[in-house]
Amino acid sequence: MSKPQITNPVMKWVDHRLPVFTFMHHELHEYPTPKNLNYFWNFGSLAGIILVTMIVTGIVLAMHYTPHINHAFDSVERIMRDVNYGWLIRYVHMNGASAFFIVVFIHIFRGLYYGSYKAPRELLWMLGVVILLLMMATAFLGYVLPWGQMSFWGATVITNLFSAIPLIGEPIVTWLWGGFSVDNATLNRFFSLHFLLPFVIVGVVVLHIVALHTHGSNNPVGIDTTGDDDQIPFHPYYTVKDLFGLGVFLVVFSLFVFYAPNYLGHPDNYVPADPLQTPPHIVPEWYFLPFYAILRSITFDIWILDAKLLGVIAMFASIGLLFLLPWLDRSPVRSARYRPIYRQFFWVLVIDCFILGIVGANAPDDPVFRNLGSFQYIHLGMISTAYYFFHFLVLLPLLSVLEKPKPLPASINEPVLGGGLGSAGAVSKPMEKA
Amino acid sequence: MATSAGAGEATSAEGTETRRDFLILATGAFGAFGVGAAAWPLIDQMNPAADTLAASTTEVNLEPIQEGQRIVIKWRGKPVFITRRSQAQIQEARAVKVADLVDPEKDEDRVQKPEWLIVVGVCTHLGCIPLGSKQGEKQGEYKGWFCPCHGSHYDTSGRIRKGPAPKNLPVPTYSFLSDKLVRIG
């Protein structure tokens, strides 16, 4: 790999002792990237940008927030009304959480479709799952901080999940609370941890990127790059593409922040927390709905395990399963483009996840269809939960053996330039700068 | 920057500005403006909030203050010394040769009504609260205030006369709403 041409004497002096500029040149400038990446490859950098935005706005919010049960709600209202641009900063932080999950979910499904979890990127994928778990914990902790009704009852419900663990469940919940209910001690530690975890995420993201840059990005064709014909330098080609994607994202994000900042929230969280009155419908934030649906779908005991414990196990297993994905899907072909059967089941899984989300948003015993009273959301939830596990535990291992993939192209260059004709080769020439 | 001669782009001789240079500059400037606009709320949030600003004026009823008496009120978290000066104190403040002062300032410029001296009670040296407002406290050699931290002496106009402090006690913005009611801030 070439060294960058550094002419500035100060930069030269620094780089000789601490090669930061060489490193940046290597990883962000010349970093060879498959030339066929489509817009689904924008979501990684987008997630990184949102993470930074969340940390910056979060640090600022912490300057005005008071983690005490008597002051938390009022301090958030003060941020909304009195602090200069406090409304903007809080709405960016609030909707930023939703945007983070949208972007990360798309990023994950991109990985599922194009087989980005397969060798040699298993650890890259697993680090990503760790990031997802940390994000979920951070989002949950953060949602408690405004100390509204949903904050309080969400915290109560989620911490009570741990009481399902046999024998040590109750002591664990008391330990989490620092008392005998969600109270001031709980709020204090949640604030502390909500501040800590994003920096842990940054650490794992660094590992995620190191792992990524070790073998480079996967690509829509899903085959390894074979040489310079398959690759282009990251800068300017993907810096520009990522910036364009960022622009599009910001337009959509701004629509939410400025025109519908509370669309994804729940109005009950603008009611101060009341430990003596539970709101009629407790619904988690939208990004937890599919998992909430899985949690509620287990209504039966198996052997000595009761329904409550099984629900908790199923919910955590739905994500834990992703750690095993590289070994559940043994097909040597990465991209779904060349896997005709997997491609169809991928979309079934996407639809299944949407259905789980809808189930999570509705009361379990409400009928799904108005004129079919006996078919309730709980039943739909059971079916879609079963399918979710069926997809990963049965379908993927079976497809690995049974599916006959389409023939793969010889190189990335081939499908991109429509068979690599002479004229196409000539067009690509001016792009290489001397 | 390498000049690229793309199709349909006006090529120009070396050293002259091209369309691409203009586009990069314009985009960069637009981007820099955007970054600034996005950064401003994050910076401005650290300025005093609306409720802090709303609490930044204080009204004081002067009715109960006797001649020669001093009171201390809290304004923006700091003490403000209000003195109803006697004729002797006014005379004393005005008899001084202004040019000889550490921080030359005429007494007339420091008061709106000679009878009422209103100054911020924070020593201009290192921020201690000077003594002398309460009965029996040391007022210093010039019968104004005395800072116990490093020995600065202030006169009956709140001007620094002796000691390490570099400036006179500052006069806050204030206005008389009526004869006996003053609003500070």
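Student: How many bridges join strand 8 of chain B to strand 9 of chain B?
Tutor: Four, between strand 8 (residues 174–178) and strand 9 (residues 181–184) of chain B, which run antiparallel. Two strands pair if DSSP finds at least two bridges between them. Helices (H or I, at least four residues) and strands (E, at least two) are DSSP runs, numbered from the N terminus.

Student: What should I know about the model and the numbering?
Tutor: This is a predicted model, in which local features need pLDDT of at least 70, side-chain atom pairs count only at pLDDT 80 or more, and totals for chains, interfaces and linings use all residues. Residues are numbered from 1 along each chain as its sequence is written, while chains are lettered from A and ligands numbered from 1 in the order in which they are written.

Student: Back to strands 8 and 9 of chain B. What joins them?
Tutor: A hairpin, through two residues. Ser178(B) stands opposite Leu181(B) of strand 9.

Student: What is the strand order in the open sheet of chain B?
Tutor: The order is 5-6-7, three strands with antiparallel pairing. Strand 5 (143–147) and strand 7 (160–162) of chain B are the edge strands, each with a single partner, so one side of each has no neighbour in the sheet. Neighbouring strands are turned by 35 degrees against each other on average, direction ignored. Axes here are lines fitted to C-alpha atoms, for helices over the stretch in contact, and angles run from 0 to 180 degrees between N-to-C directions.

Student: Which residue is the bridge partner of His153(B)?
Tutor: Lys162(B), in strand 7 of chain B. Strand 6 (residues 152–155) of chain B pairs with strand 7 of chain B over two bridges, in the antiparallel sense.

Student: Switching to chain A. At what angle do helix 3 and helix 9 of chain A pack?
Tutor: About 155 degrees, with the axes of helix 3 (residues 43–62) and helix 9 (residues 184–215) of chain A 11 Å apart. That makes the two helices roughly antiparallel. By the cut-offs, under 35 degrees is roughly parallel, over 145 roughly antiparallel, 65 to 115 roughly perpendicular and the rest oblique.

Student: Left-handed or right-handed crossing for helix 3 and helix 9 of chain A?
Tutor: Left-handed. A crossing is left-handed if the near helix is turned anticlockwise from the far one by less than a right angle, and right-handed if clockwise.

Student: Which residues make that contact?
Tutor: Helix 3 of chain A brings residues including Leu51(A), Met54(A) and Ile55(A). Helix 9 of chain A brings, among them, Phe195(A), Ile201(A) and Val205(A). Residues are in contact if their C-beta atoms, placed from the backbone, lie within 7 Å. The contact of these helices has nine nonpolar, two polar and no charged residues. Ala, Val, Leu, Ile, Met, Phe, Trp, Tyr, Cys and Pro count as nonpolar, Asp, Glu, Lys and Arg as charged, and the others, Gly among them, as polar.

Student: And how do helix 11 and helix 13 of chain A cross?
Tutor: Helix 11 (residues 289–297) and helix 13 (residues 340–361) of chain A cross at roughly 70 degrees, and their axes come within 7 Å. They are therefore roughly perpendicular.

Student: Which peptide bonds are cis?
Tutor: Among them, the bond joining Ala119(A) and Pro120(A), with omega about 5 degrees. Pro120(A) is in the loop between helix 5 (86–114) and helix 6 (122–144) of chain A. The bond from His235(A) to Pro236(A) is also cis, omega near 5 degrees. Pro236(A) lies in helix 10 (residues 234–259) of chain A.

Student: What is phi of Trp147(A)?
Tutor: Near 55 degrees, a positive value in a residue other than glycine. Trp147(A) lies in the loop between helix 6 and helix 7 (149–160) of chain A.

Student: How many residues does each chain give to the contact between A and B?
Tutor: Chain B gives ten and chain A 13. Helix 1 (19–44) and helix 2 (50–54) of chain B each supply at least two residues of chain B's side. Helix 1 of chain B gives the most, three residues.

Student: What are the ipTM and the mean pLDDT values?
Tutor: The predictor gives the complex an ipTM of 0.73 and a pTM of 0.83. Mean pLDDT, the predictor's confidence in each residue from 0 to 100, is 92 for chain A and 86 for chain B.

Student: Where is the pLDDT below 50?
Tutor: Over residues 420–434 of chain A, and over residues 1–12 of chain B. Where pLDDT is low, the predicted coordinates should not be read in detail.

Note on methods:
Two residues are in contact if their C-beta atoms, placed from the backbone, lie within 7 Å.
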